[in-house]
Structure formats: structure tokens, C-alpha cells
Amino acid sequence: MRYLASLLLSALSLAAHADPASERKALFFGRDDRVAISAPYPAPYAAIGQLETRAASTCTATLVAPDLAVTAAHCFLMDKGKIDPGQWFKAGFHKGKYQARYRVVDQVFHPKFRAGLVYKGDDVYIEPSAARYDIAWIKLERADGAAPAPIPLFKGDRQTLTTALKDAAYRATQAGFAEDHDDILTAHQGCQITKFRSNNTLYHRCDTLSGDSGSPLFIDTQYGPQLIAVQSSAPDWFNRKKADNVAVTVLQLPERP
């Protein structure tokens, strides 16, 4: 399943299909810059885990407090007309094992996001008006395992984040459970943020695939790594040259549950 900005994909139904390797090469801006994180994952990677919904769909999410994680809102809206609630979040997930497992108690996202989705076949298109709202809280209850240290959320307003991005030379780290290696954590370290948009989303060139939805983008600060955004959407491989990937910053999170 791919989640895409509808504004960018008017030619989707007319496109020819390439082989999977060629498609990934295009999606990765010409090459794959991801590295596999060795298990057991060190901080801050141990806080990143696999989110599983009741319908067994998966995304990536990140522990940001002892009982809270963040992910993309679309992870709960794969089927038209209904919410697919979260069931489990497994921090430090690696080849079927995990460092800690959490029950998903609730998920909270902006109602305007759901109103801006368009369903066509197996794809979900995010209308431009809804793109800024593709971020969600996950309320958690630990079931078993040793809780990892959360990744702190960036705190501050747009101007403060702009300054932090400049200090980080517009470079971030993205890490998630992509569809081609969905049982191990891979990361694109030092990937480029190309634009901080007026709607508080980011254009970026971190290498992502389906499964990376909701994955964190974090930057190094004087206080350590801080999570600034979650992966939202990407153009399909044949439209790669028209747009970069989109992440939604934590400035867009709804009221904390």
C-alpha cells in the first residue's frame, strides 16, 4: 500500500509498470543509502518500533514518552469508511522479537485528515488540504519487555524549528521498517531536508518505502537527538523527479491525549 499526495499523481493510471528493483532505485533518488541497524538496537533506535493494527497492517512508530508514541494518521485509515485501530506497538522490533511490547489503547489525530483522503483501488491518496494533518498520537500500555528510553519530541514553535534545521545543516536521520526488510530496522542517516513548507510539512530525500509510513525523522541537537517529523507520503516511482517525499512535523500534532 502506498500513500501519495494526489496533487502529484494525475498520471497514475496511465503509467507503465517497471520491475520492483527499478522502482525502488527510482524511489531512492537513484541509489539506496539505507543501513541496517544492528540488534539489539542502541539509543535512540531502540525507541522505534513496528505498529500493528487489528487488521494486521503495519507501519513504523516511535516511543516519545513512557505511554505515548507518534506515527502517521493514515496508518489507521487503510480502508474506506472505517478506522482500523492500533493493536500492538513493538519497540526495538527485530526478526519477530522486540525489546518491549505495548497494547495500543487509543489513537488520536485531527478529524480534518480523514476528510481529505481519496480511495482508488488499493491506493490511498492524501489531498493537499489534508497533508498537514497526517500525524497521530498513540496511547500505550506496556504489556511486557524492558521499556527503552523514548526519543524526545522537538519542543518549540516554527521559528525555533527553522533555527534547529539550519543548525543541523538541513540533515536528519530517518529509520523504519520498510516493506523490503520489514523485520529489521534500516536507517538513512544524514538525509537531506529540501524544504520546510508553510503548512509545517517537510520535503525530504530520505530513502523510504511502504512500511516506513509514520517513521521518525530526527535531528542532532545540543540536547541530543530530537524527533521533528514523521514520514507521510511519497510520489510513485514514475513521478519521482516531480517531488520529494513529505514528512509532517510535530508542530502539527493534535492536543496531547
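**View 1. A side-chain contact at the start of helix α3.** In this predicted model, a side-chain oxygen of D157 comes to within 3.3 Å of the backbone nitrogen of Q159 at the start of α3. The helix itself comprises residues 158-167. After α3 comes A169, which has a positive phi, near 55°.

**View 2. The buried and exposed residues of helix α3.** Four residues of α3 are shown as buried, namely L161, T162, A164 and L165. Viewed down the axis of α3, these buried residues fall within an arc of 165°, and they therefore line one face of the helix. Q159, K166 and D167, on the other side of α3, are exposed. Among the elements that cover the buried residues of α3 are the strands β12 (186-196), β13 (201-204), β14 (216-221), β15 (224-233) and β16 (245-249).

**View 3. The pairing of strand β12 with β2 and β11.** Strand β2 (residues 35-36) runs antiparallel to β12 and is joined to β12 by two bridges. Within this pairing, V35 stands opposite A187 of β12. Strand β11 (residues 171-176) is likewise antiparallel to β12, and six bridges join the two strands. Here A172 is found opposite C191 of β12. In a regular strand, side chains alternate between the two faces of the sheet.

**View 4. The hairpin formed by β12 and β13.** Three bridges connect β12 with β13, and the two strands run antiparallel. I193 has H204 in β13 as its bridge partner. Four residues lie between the two strands of this hairpin, and N200 in the turn has a positive phi of about 65°.

**View 5. Y45 and the largest nonpolar core.** The largest nonpolar core contains 68 residues, of which Y45 and I228 touch the most other members. Strand β4 (residues 58-65) makes the greatest contribution to this core, giving five residues. Beyond its neighbours within four places in sequence, Y45 is in contact with I37, T173, A175, L185, A187, Q189 and F218. One of these contact residues, A187, is also the residue of β12 that stands opposite V35.

Definitions and conventions: Residues numbered from 1 in each chain as written. Predicted model: local features only at pLDDT ≥ 70, side-chain atom pairs only at ≥ 80, totals over all residues. Heavy atoms only, no water. Buried < 20%, exposed > 50% of the residue type's maximum accessible area, 1.4 Å probe, protein only. Arc of directions from axis to C-beta. Contact = heavy atoms within 4.5 Å. Polar contact = N/O pair within 3.5 Å; in protein donor to acceptor, adjacent residues only side chain to side chain. Core = buried A, V, L, I, M, F, W, Y, C linked by side-chain atoms within 4.5 Å. Pairing = 2+ DSSP bridges.
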